Each structure stands twice: as structure tokens, then as C-alpha cells.
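Subject: A structure for you

Hello,

Here is the structure I said I would pass on. Please open it and keep it beside this email.

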Amino acid sequence: MTTQYANNDLSAHALPQTGFIRRYLLANALGVHVATVDRWVKSKSMPQPVKLGEKITAFDAVEINNWLAKRRGAI
């Protein structure tokens with residue numbers, strides 16, 4: 001028997017290990033509002049996003065995962 005997840009799909013909250021993560025997906029995965037991510041960026045308490053295009057900004061997945069590991073005390 002498989003367990004089905006409706007709108008709370010666990011994979012929706014999993015962060016990729018490589019590549020880039022858009023701001024709204026990062027906020028969703030961390031369980032915070034996008035404005036909170038913006039405040040953390042402004043205060044430089046988290047890795048800074050990179051510009052991928054004129055209107056596209058994202059976070060490096062490796063940097064975010066390392067930052068989360070440090071916050072958890074794993075590194």
C-alpha cells in the first residue's frame with residue numbers, strides 16, 4: 001500500500017543538492033514567508049542569491065545546503 005500526499009507532498013519541501021533554488025521555493029521549503037528570506041538576505045545572515053538573468057534571481061543549492069547543515073550543527 002502506498003501513502004498518497006495531497007497538497008502536503010513531502011517532495012515539494014525537499015531542496016535540491018545542486019543547481020539553483022528560486023526564492024519562493026526556498027521560503028516554502030523552510031516554512032517561512034518570502035519576506036523572511038528577503039530579511040535574511042538583507043542582513044547577510046544567509047547565502048546571497050545570484051542573478052541568473054535580468055529578472056531571475058536564485059540561490060545556489062550547494063551554498064544553501066551547507067548553510068542549513070551549519071545551522072543544524074552538522075558541520
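Below is what was found in it.

This is a predicted model, where local features need pLDDT of at least 70 and side-chain atom pairs count only at pLDDT 80 or more, while totals for chains, interfaces and linings use all residues. Residues are numbered from 1 along each chain as its sequence is written, and side-chain values use heavy atoms, leaving out hydrogens and water.

First, the layout. The protein chain has 3 helices and 3 strands. Their order along the sequence is β-α-α-β-β-α. Helices (H or I, at least four residues) and strands (E, at least two) are DSSP runs, numbered from the N terminus.

Next, a helix pair. Helix α1 (residues 23–30) packs against helix α2 (residues 34–42) at about 105°, with the axes 8 Å apart. Axes are lines fitted to C-alpha atoms, for helices over the stretch in contact, and angles run from 0 to 180 degrees between N-to-C directions. That makes α1 roughly perpendicular to α2 (65 to 115 degrees). On the α1 side, the contact (heavy atoms within 4.5 Å) uses Arg23, Tyr24, Leu26, Ala27 and Leu30. On the α2 side are Val34, Val37, Asp38 and Trp40.

Now, one residue. Asn65 lies in helix α3 (residues 61–72). Is Asn65 buried or exposed? Asn65 counts as buried, at 17% relative accessibility (buried is under 20% relative accessible area, exposed over 50%, partly exposed in between, with a 1.4 Å probe and protein chains only). Beyond its neighbours within four places in sequence, Asn65 touches Leu15, Pro16 and Gln17. Across the protein chain, 23% of the 75 residues count as buried.

Best wishes

Terms used. Angles under 35 degrees count as roughly parallel, over 145 as roughly antiparallel, 65 to 115 as roughly perpendicular and the rest as oblique.
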